[in-house]
Number of protein chains: 6
Amino acid sequence: MKKMDKNIHTYISCDCDYENADIVLFGAPFDGTTSYRPGARFASKAIRAESFGLETYSPYQDKDLTDIKVFDGGDLELPFGNTNAALAQIEKYCEKVIQDGRTPFMIGGEHLVTLSGVSAAIKKFHDISIIHFDAHTDLRDSYLGQQLSHATVIRRCHDIVGDGRIFQFGIRSGEREEFLWGEKHLFTNKFTFDGLDNIIKQLADKPVYLTIDLDVLDPAEMPAVGTPEAGGVSFNQLLNACILCKNLNIVGVDVCELCPVYDNSGASTALAGKLIRELLLML
Amino acid sequence: MKKMDKNIHTYISCDCDYENADIVLFGAPFDGTTSYRPGARFASKAIRAESFGLETYSPYQDKDLTDIKVFDGGDLELPFGNTNAALAQIEKYCEKVIQDGRTPFMIGGEHLVTLSGVSAAIKKFHDISIIHFDAHTDLRDSYLGQQLSHATVIRRCHDIVGDGRIFQFGIRSGEREEFLWGEKHLFTNKFTFDGLDNIIKQLADKPVYLTIDLDVLDPAEMPAVGTPEAGGVSFNQLLNACILCKNLNIVGVDVCELCPVYDNSGASTALAGKLIRELLLML
Amino acid sequence: MKKMDKNIHTYISCDCDYENADIVLFGAPFDGTTSYRPGARFASKAIRAESFGLETYSPYQDKDLTDIKVFDGGDLELPFGNTNAALAQIEKYCEKVIQDGRTPFMIGGEHLVTLSGVSAAIKKFHDISIIHFDAHTDLRDSYLGQQLSHATVIRRCHDIVGDGRIFQFGIRSGEREEFLWGEKHLFTNKFTFDGLDNIIKQLADKPVYLTIDLDVLDPAEMPAVGTPEAGGVSFNQLLNACILCKNLNIVGVDVCELCPVYDNSGASTALAGKLIRELLLML
Amino acid sequence: MKKMDKNIHTYISCDCDYENADIVLFGAPFDGTTSYRPGARFASKAIRAESFGLETYSPYQDKDLTDIKVFDGGDLELPFGNTNAALAQIEKYCEKVIQDGRTPFMIGGEHLVTLSGVSAAIKKFHDISIIHFDAHTDLRDSYLGQQLSHATVIRRCHDIVGDGRIFQFGIRSGEREEFLWGEKHLFTNKFTFDGLDNIIKQLADKPVYLTIDLDVLDPAEMPAVGTPEAGGVSFNQLLNACILCKNLNIVGVDVCELCPVYDNSGASTALAGKLIRELLLML
Amino acid sequence: MKKMDKNIHTYISCDCDYENADIVLFGAPFDGTTSYRPGARFASKAIRAESFGLETYSPYQDKDLTDIKVFDGGDLELPFGNTNAALAQIEKYCEKVIQDGRTPFMIGGEHLVTLSGVSAAIKKFHDISIIHFDAHTDLRDSYLGQQLSHATVIRRCHDIVGDGRIFQFGIRSGEREEFLWGEKHLFTNKFTFDGLDNIIKQLADKPVYLTIDLDVLDPAEMPAVGTPEAGGVSFNQLLNACILCKNLNIVGVDVCELCPVYDNSGASTALAGKLIRELLLML
Amino acid sequence: MKKMDKNIHTYISCDCDYENADIVLFGAPFDGTTSYRPGARFASKAIRAESFGLETYSPYQDKDLTDIKVFDGGDLELPFGNTNAALAQIEKYCEKVIQDGRTPFMIGGEHLVTLSGVSAAIKKFHDISIIHFDAHTDLRDSYLGQQLSHATVIRRCHDIVGDGRIFQFGIRSGEREEFLWGEKHLFTNKFTFDGLDNIIKQLADKPVYLTIDLDVLDPAEMPAVGTPEAGGVSFNQLLNACILCKNLNIVGVDVCELCPVYDNSGASTALAGKLIRELLLML
């Protein structure tokens, strides 16, 4: 019979204590600068709930979630309408996790939350690089007059990490100026993951922050994002790219921009949940 | 900053320990005999998640959830495809709660779960009566050859409690035979809550089990049920009927048949959550 | 065990042969002049399929579908893109039914199909009157240059039946000119069914065609129509109006404008099916 | 044949020039502080597009949009993620309209936009009062640490207009503290519009700002709002309340919180559009 | 003009009599053990209705449904909540079809219905093998305490047919234990159809039961299944695999797990209908 | 601050005057002969509204919409229920554009609108050829008794342009008779774009009309069409085919059959918008 204890809610099988965990999974339900279709705030809750349709075992990597130690810290409670305050809270949480020697695994929210993750990580890992999977360059300097935006987030990250430290894959949308600026300051591979294996060898054991905007996927497989952009990579391609990253020294991960409001069939949320399983097992 | 503790998930404000609680809220996610549109299994999770759109305070009763002691035990884990086993588990849980001197408040699932609640309650409260709000009589003797069904549940309850102990309101659908049988064995008020006040006076302080099939409401206000039946009561009418019940000695409550799959706007789930708040405050 | 015969599909319990039937139920899946949101073509199929969520017994009228003789002829196969040809086919079918001494009960389709029903009926019943429940006057003389349109249908019926023969109820939308024209040529009761009982008495045993545009109902109860118009009547009010009509000599009925594409919860289709049950029992 | 001019997009029939207009209709697509379900940013575009399913004539008031002069200015382009900047832009636009002697009619957006409307109006109309139709008190002093929020907007308006100037109707949700605070500083009528006629007489020809949060309506008729709250008023009741306001000296109007993302049937958007027609004709 | 006969409802063009048919198509609308998202019960009705959007001709195989003899027996009427009774009815029907020398073609329902098909077939074809296309191994011994479940169905089939008789393709989800057990008792090809051609040659003219769980497809093409699992095969790959099977002696077929409730666009149902056309033509 | 001018609505960046434009983009919202699922009438409005989620720059062609001159003429106002009249209006508009030396770019609407485009073009370009991307042959001679239908449109075009002038790609559905007829009168490449490059060379600088039925795409990427047909080409394949066409002398383009009603996620509309950007840049 069911025990009469608390009703604890985690991503499937991530029931380790904080003290004993290697990875800290948590949600950053912020979508305040989303310009097109808000709703990424609901992603972490949806992924957690739908994760029970998954198995804990991966036939891709022959590993099982029951073999690793992950603490699911639930979702941060962020203020609405105050971008700076929300980012600061996310950064503070990430920083604590990193200082405690654990790897933060953040479920966005919109892509701007990556700025908090990178800001927290660089305090400990000064020579950090960023691997960025996305449909969009996110390299605008400002957007509708705002410097903090999901459309400027990688530019803001560049402000912190500097030239030659950011490696983008899957990019298929942006202003001409963004592409031109990018050519001078970072590595962009358009449309595919070509060249990722070389970058990984090059980065060797340097600290890396991995950020995945789920709209890098084709909208056929991932329709429920803020800005669906046709012509993306497949799940299997993304999965292979992620598994390749096991050769990196990853010190922080985020998966952003699932917008469950537009996921009528539930397939997008299920995919995001499966990708997170594979990323957790890859780490 | 967010504390790094467990991610506990309850209906809003129902965070009392089991030991100190007066009411035990829990979900019975069973919909195995649903003949038309399954999905009531998802009701309790949806109501809990959406309850955070509510306030804890009721301007209807001038009471606040923070003033009462409710333990939210989460959802039972029930087997799929085995009706007897699922009902037995629900009954066992209800019985424990009742024997411990607490009031079970069950969120269905389909209406058949009421049979488990009543079976558990009658062990302690031998002269129990049932107040039943529903669009359907649920008085078939069997349905498609099965004696255990959401369409036979009140007939099965009658098997246990006997004549003159069941009081139905809001009924507007059934076979002719069900209505004829009902006239001989129980009290049925068609379409409205007329006469409820008299029944309440008559029951005085005898033990009462209250079961609400949400399809008693008009589908305009509650479209997301297994079998929407036009011409129902309004939320305000149902709310008034529920508040009237504060004069009863209620020993068990259930709210059944929300089917969130059909709740595109979220309004049905929100209504169910609000009704539960009012019922908790009424008890 | 299931017999291995044909898979016959009817509205619940309407399984009488044509030869023995008093009423002929059929679908006219035409929506070719719908100006706003097409899809009424799917109404009859949806209503038939969903009718199995209903009981055959009506507690409103204490009658049962098993006691009456209805043949469900399925749906007409109408050409797309040719309004005249489609209307002609519908008229021909209605005419045959009427000449055979049966009452046609047509499920639209958009409201223009009423013109075919009335055209067929007047050949036998020269002094026919029309009872019309609708949100819209449908009294334009032409619409976007077309004389045959869902927005002109009652005006076209007036061309046939003449002054003083049309009685509208529930009307709450139209151009100023339509209302002004209507005042001179027919009876319009805005917003409600007030006065219907008098009209019924006045019509005594004269032949009457009853046409119901489901958008006469409030969109709360009937959102899935081509043109939802707030402020309508309730199902219970419409049901009472329909039951009142049992004192009329009804020679044709139609129920139009359900658009199942917009019926996510299924509640609109279920309501339409229930209304049809009550109308069949009323006849 | 279609003329080859520009493709101008307005609410139905609101095609007057700014210079000649009495009323300036515009959208303020801001939903940055929405705590529950964002999406009100899409309201004005949806209402404009769906307005073509309406007639210009109102049988309720026997008036026609073609008889009045309204300029539809389209939507403001507001920054995302910066609440102060967005509010300032809205206020500036309203102020210009008011200084030019026209009445601003703002389509929200979330309810916080009202603060900009009131701030603009009080510069010209120092003794302004506010009529407020809503399900929620909106009287929190801060919400999740923020003073600017859709849940605090009326409290912020009170900061500006002071005691005895705000009149709330239809309220059925809030914290206990909000209701207690409200009792001392403004007039709140719970659940209904009772007493509105007296307030209107009392205000006589003083300047009044009218703000309508569409969730004052029952979710049956208006499911597509950020926070559906069961037990609301009907469209007909709200319409009557609005028409009563024709006896006021209204200097600004807003209609907020339609969230078209949750309007699968389109009925909520259609209702909002119809309400705006009636308000325009009432002014 | 439409003839006034019965309204017979079949999959497109499958209008042969039982007596003259080679193939008997029928629906088994059972989803009682579905653990995640029920609704496969609606699959056969939806596929039949939507089949009229298809052509009868296949340009892939240059064959036409009008050239083959298929009887569509409609749907079985199964009891709800009693797994054993439902399975027994399905088995009885299949057995009759097989004993009459026809090939049963079953549209599920959930995957557990395959057990009935195999149980019926093995009575006549003692050395039957099973070709199984699926995302999931379905090899658990029990699930939530139940031995009969959609998650155990192939294990139960193995109980009947024994080692070396089951050939799985496309598998990409399961517990570690299921994969390990499978290695010893049957053939599993993960992710793709690689090796199918060899298996087909090996089976030569031995009797084969073909079971297709539609979630073998990528959720991009088939989102509307009970458990969408990213990374699946494409329709063209599945189609090719099915056409390869024309070289087998197939004595029974089923297509399972379409869940139309989650098929907002209708594309999943359309795909399932097209696949069935190709399978019928392949047989 | 926002200027108080008109609210002009165009596809992103297509704000050139008619006089100075090279291309005239416009919508032909006609879906009157759609036999399966109507709603293509809403395509042009939806594409225009959603185009603001796109960038003006194409990384595929390294071109930008700001560099070309496109006038967006909005949508034609077509009569409902009168196919001939609607086609005549579309033709008249196209003819004017062509006579004025501009290239018409029509957004359907159903595919029958192509007939108007071709009829207009052939008046100026007598030796016009047609490149046709589609899932369906559209070569029936009549459909349900009608010669003008979305299912006959290419046959009607053949009536005008004659043998050897039509080149179909991606075709995967049709009656056997259509394929047989097609073999004699035009070029059909089934399933893919194989051979397109040769056709393009062959056509050299002859005038070409390009018509794209969006259902040529796989329903995974484009579910929101009238008739989803599994097994289609990918967006990247279609994009490459379109870019190849830059070597043609294109004198008219249309993109048809998007049906936004079935586009819950918005991904289909976004894809169509992106395809139009690429086509505009290709021209």
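## Ring pairs and the B–D contact

Counting over all chains gives 48 aromatic pairs. One of them joins B:F167 and B:F187, a tilted pair with 6.3 Å from centre to centre and 45 degrees between the planes. Please keep in mind that this is a predicted model.

- B:F167 counts as buried because its relative accessibility is 5%, under the 20% cut-off.
- B:F187 has a relative accessible area of 30%, so this residue is partly exposed.

**The pair D:F26 and D:Y93**

- The ring centres of D:F26 and D:Y93 lie 4.6 Å apart with the planes at 55 degrees, which makes this pair tilted.
- Because D:F26 belongs to strand 1 (residues 23-28) of chain D and D:Y93 to helix 2 (residues 83-99) of chain D, the pair ties together parts that are 67 residues apart in sequence.
- D:F26 is buried, its relative accessible area being 0%.
- D:Y93 also counts as buried, at 1% relative accessibility.

**An aromatic cluster in chain A**

- Here A:F133, A:F167, A:F169, A:F187 and A:F193 come together as one aromatic cluster.

**Charges over rings**

- In chain A, the ring of A:Y18 has the charged end of A:R102 sitting over it, 4.9 Å from the ring centre.
- In chain D, the charged end of D:K190 sits over the ring of D:F179, at 5.8 Å from the centre of that ring.

**Where chain B meets chain D**

- On the chain B side 21 residues take part in the contact, and on the chain D side 23 residues do.
- Together the two chains bury about 1800 Å², and 50% of that area is on carbon and sulfur atoms.
- Three salt bridges are counted between chain B and chain D.
- Among them is the one from B:K274 to D:E229, whose closest N and O atoms are 2.7 Å apart.
- Eight residue pairs are in polar contact between chain B and chain D, both residues being at pLDDT 80 or more.
- On the side of chain B that touches chain D, the elements giving two or more residues are strand 3 (63-64), helix 7 (235-244) and helix 8 (267-282) of chain B.
- Helix 8 of chain B gives the most to that side, with four residues.

Key
Residues are numbered from 1 along each chain as its sequence is written. Chains are lettered from A and ligands numbered from 1 in the order in which they are written. This is a predicted model: local features need pLDDT of at least 70, side-chain atom pairs count only at pLDDT 80 or more; totals for chains, interfaces and linings use all residues. Side-chain values use heavy atoms; hydrogens and water are left out. Rings of Phe, Tyr and Trp (its six-membered ring) pair if their centres lie within 6.5 Å; planes under 30 degrees apart count as stacked, over 60 as edge-to-face and the rest as tilted. Buried means under 20% relative accessible area, exposed over 50%, partly exposed in between (1.4 Å probe, protein chains only). A charge sits over a ring if NZ of Lys or CZ of Arg is within 6 Å of the ring centre and within 35 degrees of the ring normal. Contact means heavy atoms within 4.5 Å. Buried area is the accessible area (1.4 Å probe) that two parts lose on being put together, summed over both. A salt bridge is a side-chain nitrogen of Lys or Arg within 4 Å of a carboxyl oxygen of Asp or Glu. A polar contact is a pair of N or O atoms within 3.5 Å; within protein, one must be able to donate a hydrogen and the other to accept it, and residues adjacent in sequence count only if both atoms are side-chain atoms.
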